[in-house]
Amino acid sequence: MVSIEIEAFTRVEGNGGAEIVIEDGQVKEVKVKIFEGPRFFELLTLGRYYYDVPDLEARICAICYLSHSVASVRGIENAFGVKVTREIELLRELALIGELLESHALHLYLLVAPDLFGYADAIRMASKHGEIVKEGFTIKAFGNYIRETIGGREIHGINIKPGGFGRYPTVEELEKIEKNSEALLTFAKRIIGLFASQKPLGAKAKYYIATNGYLYGDKLIASDGESFDYFEHIEERSLPYSFAKQSHYKGEIFMVGALPRLILKNNMLTPMAKRLFEEYKEQLSQGYVSLNNLAQAIELIYALERAREIVKELLDKGINGENITIEPKEGEGIGYVEAPRGALIHHYRIDERGNIAYSNIITPTAFNHAMMELSLFTEAKKRYGNTSEMEFMQKMEETVRAFDPCISCSVHLTFL
Amino acid sequence: MMLKLGVFELTGCGGCALNILFLYEKLFDLLEFYEIKEFHMASSFKEHDHLDVAVVTGSVSTQRDLDLLKYARNHSNYLIALGTCATHGSVQGSVEGKIREKLEKVYGTRANPMKALDSKPITEYVAVDYALPGCPYDKDEIYQVLMNLAKGVEPPRKDYPVCIECKLNEYECVLVKKGIPCLGPITLGGCNAICVKSGLGCIGCRGPLPKDANPAEEFEILKKLGYDEEYIRRKFKTFARGEIRW
């Protein structure tokens, strides 16, 4: 028995690698090893006052800190039985859209595009394809402008609070968002074809899972038509070779992310995104994980269109700027949010003084862990023995990259 | 002569490495002076070489982190601890308890095949030439530090609290006027008081002011405002558990 080691995945967030086990000249098993150290976030928030908790949870991940803040405030508000206003909901959705733009632009333009053009990174790619890199930076910077305006800072802002915001955006800031989201559509449209031309990689998941709303919700939905709370059908288990746990839905491997979102929720898409979905529907339905990249590119269009819709509604009604007052009481609640890379769950029990008594967080990369192994296994089986070592390793990395994994998130660790 | 630069990521949220990419066009300005030999979030290119400058982000939370840190220290002339995880341990460093007890609570076993360690800042293990805290730091700070080094100038070290930047921006004092628990008086500045701009209290993400801080008085002020001692203690320790003054 021999193994091929992928020492560390590059152009992904965090520290992880893979071991491909070969027996009798056949690929026998693939282990995705997450060796980013454990971070114990559930222990960190235990006993702390609910109001301070979203600021801490944000620090699980820099690329998707607002997904964590929003999931956290939604979980806390659900525990208290608090309903927020339409204005607060819309502003939170806008924050998630900013994050989607920032994260997808990073992934597509700076991390994946170098594979398609054959470079080691975007900086080297910029020498020949400077225009694309620059357009990627522009979309990313715009996403970050939204993150700073609504979230309080580009990374780890603390403006998203249970019951509302520290500060509400001004009319000028919202108008700037509206104007830019229209202008950037031209850039985003240009790259769809590029990602549609990527050769298929990885496997097809048996099930897709997403939240019931496009970017957040109060239930999970699955491709078998089920609508459920995560603990009803998802089981987590620990692995000896990884600090991230692995999940199964009804005992089967599933996938979360942009591709599952498009397949399960295309009826919620904005007009241009919907047209693009219809155009590439057949290709997307083939289900290879590499199509997650194309799905993300279509979501860039969705995010830009949806940002305009939200800002228009906010400006038409005028910003009221009123927070909801919260009276802490005992309760339990779950926040479901779509992080850029898939469904994210924050689950809390809070005591009568408003302190956290229990918390459980499951991140998209932990959800996708088993699917990542299956995809690498499929790809390795297909290529082992008939491609050069360099090509083999390159394709393995590209397969993992298609999940847009966020390894920092996956090692927060959970109670069971 | 181009300077050789390596960016190393230990355990953390990835934000301190990501923040370098957020420099956008300014990143290309830096590349006039530096060639990147290691930066795994951004590039598949990697070359083992002696580095002029090593930037280390994250905290030491596994044996692998420690090995990587030692590699970075032994192969560089100038090492920058970047971000509060590297300088003070940050949030993951503030979780109390022994590593095997924590693993047991979470995995249901005291076995530690992946060699997790108690999470600590890199300053506990190696000598650091420059420490730039912040969760995250302001991206222009790292730009300035690297530009200074490229020009052979020792980068300046900040020594004033967040309060100073709050006053310069003429933000209303949330501690005095609204009774919001704000750690601005005892926290190192450099963030331009960005959280107070949102009308919120500083949560101390840049770690303690190196000198002249008066945590005891801050403690008394918060107590008088009605916050209980345990609450204040945990707030102080969130980003810098190892700080001896609190």
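Trainee: Why is A:Arg167 called partly exposed?

Mentor: In this predicted model, A:Arg167 has 16 other C-beta atoms within 10 Å. A residue is buried if 20 or more such atoms lie within that distance and exposed if 12 or fewer do, with partly exposed in between, so A:Arg167, with its 16, is partly exposed.

Trainee: Where in chain A is the place of A:Arg167, and which residues is A:Arg167 in contact with, leaving aside its neighbours within four places in sequence?

Mentor: A:Arg167 sits in the loop that lies between strand 5 (164–165) and helix 6 (171–183) of chain A. Leaving aside neighbours within four places in sequence, A:Arg167 is in contact with A:Asn159 and also with B:Ser198 and B:Gly199. A:Gly151 is 16 residues apart from A:Arg167 in sequence, and their C-alpha atoms are 9.2 Å apart in space.

Trainee: What makes B:Asp52 count as buried?

Mentor: B:Asp52 has 20 C-beta neighbours inside 10 Å, and a residue is buried if 20 or more lie within that distance, so B:Asp52 counts as buried. B:Asp52 is part of strand 3 (residues 51–57) of chain B.

Trainee: Which residues does B:Asp52 touch, not counting those up to four places away in sequence?

Mentor: B:Asp52 touches B:Leu3, B:Lys4 and B:Leu5, as well as B:Asn77 and B:Tyr78, when residues up to four places away in sequence are not counted. B:Gly6 is 46 residues apart from B:Asp52 along the chain, and 8.4 Å separates their C-alpha atoms.

Trainee: How do you know that chain A is as compact as a globular protein of its length?

Mentor: Chain A has 16 helices and 15 strands. Its radius of gyration is 21 Å, close to the 22 Å that the globule rule gives for 416 residues, and therefore chain A is as compact as a globular protein of that length. Of those 416 residues, 59% count as buried, and the C-alpha atoms of chain A fill a box of roughly 65 × 45 × 40 Å along the principal axes. Among contacts in chain A between residues at least 6 apart in sequence, 72% join residues at least 24 apart.

Trainee: Why is chain B called as compact as a globular protein of its length?

Mentor: Chain B contains twelve helices and seven strands. The globule rule gives 18 Å for 246 residues, and the radius of gyration of chain B is 19 Å, close to that value, so chain B is as compact as a globular protein of that length. Buried residues make up 50% of the 246 residues, and the C-alpha atoms fill a box of roughly 55 × 50 × 25 Å, taken along the principal axes.

Trainee: What makes helix 3 of chain A roughly antiparallel to helix 4 of chain A?

Mentor: The axes of helix 3 (residues 65–80) and helix 4 (residues 86–117) of chain A cross at roughly 155 degrees and come within 8 Å. Angles over 145 degrees count as roughly antiparallel, so helix 3 of chain A is roughly antiparallel to helix 4 of chain A. The crossing of these two helices is left-handed. In helix 3 of chain A, A:Leu66, A:Ser67 and A:Val70 meet A:Arg92, A:Ala95, A:Leu96 and A:Glu99 of helix 4 of chain A. By class, this contact has four nonpolar, one polar and two charged residues.

Trainee: Why is helix 11 of chain B called oblique to helix 12 of chain B?

Mentor: Helix 11 (residues 215–224) and helix 12 (residues 229–237) of chain B pack at an angle of about 140 degrees, with their axes 10 Å apart. Angles over 145 degrees count as roughly antiparallel and those from 65 to 115 as roughly perpendicular, while under 35 is roughly parallel and the rest is oblique, so helix 11 of chain B is oblique to helix 12 of chain B. Helix 11 of chain B passes helix 12 of chain B in a right-handed crossing.

Trainee: How many residues do chain B and chain A give to the contact?

Mentor: Chain B gives 45 residues and chain A gives 47 residues to the contact. The side of chain B that touches chain A divides into 23 nonpolar, 16 polar and six charged residues.

Methods:
Residues are numbered from 1 along each chain as its sequence is written. Chains are lettered from A and ligands numbered from 1 in the order in which they are written. This is a predicted model: local features need pLDDT of at least 70, side-chain atom pairs count only at pLDDT 80 or more; totals for chains, interfaces and linings use all residues. Helices (H or I, at least four residues) and strands (E, at least two) are DSSP runs, numbered from the N terminus. The radius of gyration is taken over C-alpha atoms; the globule rule is 2.2 Å times the number of residues to the power 0.38. Axes are lines fitted to C-alpha atoms, for helices over the stretch in contact, and angles run from 0 to 180 degrees between N-to-C directions. A crossing is left-handed if the near helix is turned anticlockwise from the far one by less than a right angle, and right-handed if clockwise. Two residues are in contact if their C-beta atoms, placed from the backbone, lie within 7 Å. Ala, Val, Leu, Ile, Met, Phe, Trp, Tyr, Cys and Pro count as nonpolar, Asp, Glu, Lys and Arg as charged, and the others, Gly among them, as polar.
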